[in-house]
Amino acid sequence: LDKRELLHDPRASAERVRMLDLPVSNYFHHFGADVSDRNLALPASRDANVRDLERVLTFADAAGIPTVFFLPGMINPGQSRRQAMAASVESLKALAQVASHFEARICIEPAVRSCAETPDGVRELLDRTGVALALDHSHFICLGHSQQQIDPLVPYAAHVHLRQARPGHLQAPFDKGTLNFPALFGALREAGYSGALAIEFIRQVFTNDWADDVMTETILMRDCFNAWMATPSA
């Protein structure tokens, strides 16, 4: 998709997606040119982001995409984390008001180097704004949080990314990571989660993520999930 085209004519872009005749679980949107440009912790970008979100959600509803996510904002020059979080809250409240007129749900994905890097901080952001969560345990695991510290975020999830990780590594081979996926699947089931489980791979040097055999890793994740599903619950 061409973002400029999507913002200019969201229904035409949605028609291109519908012609694929494949279900699409989620759309990830950058308001600016990269993660910093027009990020949600920049108050001056709020009005432009609100205008763009209306077109993004028009596209998502027309394409039958149930969730749209974006990053929660960065810590911009001159800001403290507290100031960045406060600015992000105000942006998310404005975006949530737009989203209330559409079917697609908006979510944030807390990411390494964003203004929201702890489970408690993320929970506060969600509680204060009412937006949903694109949950990816690997971002928190990379920063040293335990899986049990992250699990209270599960009930907020509207979209889920699956990727093995370990402290200091945002991506790890399946047999070298610390994430307990059967425990995650169980937590999602207990929370009543019924959305997509998206297997996601990345390449980012700053978090020690090198090229993995993504075909093998996808198969291992699939087999882990299928084995868990095939075992009767108590």
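The following legends describe close-up views of a predicted model.

View 1. Six strands, arranged in the order 1-2-3-4-5-6, make up an open sheet with parallel pairing. Its edges are strand 1 (26-28) and strand 6 (197-199), each of which pairs on one side only. On average, and with direction ignored, neighbouring strands of this sheet are turned by 30° against each other. Strands of a sheet pair through backbone hydrogen bonds, either parallel or antiparallel.

**View 2. Pairing of strand 5 with strand 6.** Strand 5 (residues 157-162) is joined to strand 6 in the parallel sense over three bridges. L162 stands opposite I199 of strand 6. Both L162 and I199 also belong to the lining of the second largest cavity, which is the subject of View 7.

**View 3. Helix 3 across the sheet.** Helix 3 (residues 46-63) lies across strand 1, strand 2 (67-70) and strand 3 (105-108).

**View 4. The contact of helix 2 with helix 3.** Helix 2 (residues 10-18) packs against helix 3 at an angle of about 30°, and the two axes are 8 Å apart. The crossing of this pair is right-handed. On the side of helix 2, the contact is made by P10, R11, S13, A14, V17 and R18, which meet R55, T58, F59, D61, A62 and A63 of helix 3. By class, the residues of this contact comprise six nonpolar, two polar and four charged.

**View 5. The contact of helix 3 with helix 4.** The axes of helix 3 and helix 4 (residues 81-99) cross at roughly 35° and come within 9 Å. Helix 3 passes helix 4 in a right-handed crossing. Helix 3 contributes R46, N49, V50, L53, E54 and L57 to the contact. These residues meet A87, E90, S91, A94, L95, V98 and A99 in helix 4. Eight nonpolar, two polar and three charged residues take part in the contact of helix 3 with helix 4.

**View 6. The largest cavity.** Rolling a probe the size of a water molecule over the atoms shows where empty space is left. A search of the whole structure gives two cavities of 30 Å³ or more. The largest cavity holds about 100 Å³ of space. Its lining consists of 14 residues, and those nearest the centre are H30, F31, V35, N39 and L71. Divided by class, the lining of the largest cavity has six nonpolar, five polar and three charged residues.

**View 7. The second largest cavity.** About 60 Å³ of space lies in the second largest cavity. The lining is formed by L162, R163, Q164, Q171, A172, F174, I199, F201, D212, E217 and M221. Six of the lining residues of this cavity are nonpolar, two are polar and three are charged.

**View 8. The second largest pocket.** The second largest pocket contains about 210 Å³ of space. It is lined by 15 residues, and A157, A158, Y193, S194 and G195 are the closest to its centre. Strand 5 gives the most to this lining, with three residues. The lining of the second largest pocket divides into eight nonpolar, six polar and one charged residues.

Note on methods
Residues are numbered from 1 along each chain as its sequence is written. This is a predicted model: local features need pLDDT of at least 70, side-chain atom pairs count only at pLDDT 80 or more; totals for chains, interfaces and linings use all residues. Side-chain values use heavy atoms; hydrogens and water are left out. Two strands pair if DSSP finds at least two bridges between them. Helices (H or I, at least four residues) and strands (E, at least two) are DSSP runs, numbered from the N terminus. Axes are lines fitted to C-alpha atoms, for helices over the stretch in contact, and angles run from 0 to 180 degrees between N-to-C directions. Contact means heavy atoms within 4.5 Å. A crossing is left-handed if the near helix is turned anticlockwise from the far one by less than a right angle, and right-handed if clockwise. Ala, Val, Leu, Ile, Met, Phe, Trp, Tyr, Cys and Pro count as nonpolar, Asp, Glu, Lys and Arg as charged, and the others, Gly among them, as polar. On a 1 Å grid over the protein atoms alone, a cavity is a set of points where a 1.4 Å probe fits but cannot get out, and a pocket is an open set with protein on both sides within 12 Å along at least five of seven lines; lining residues have an atom within 4 Å of a point. Grid points are joined across faces, edges and corners, and a volume is the space filled by probe spheres set on the points.
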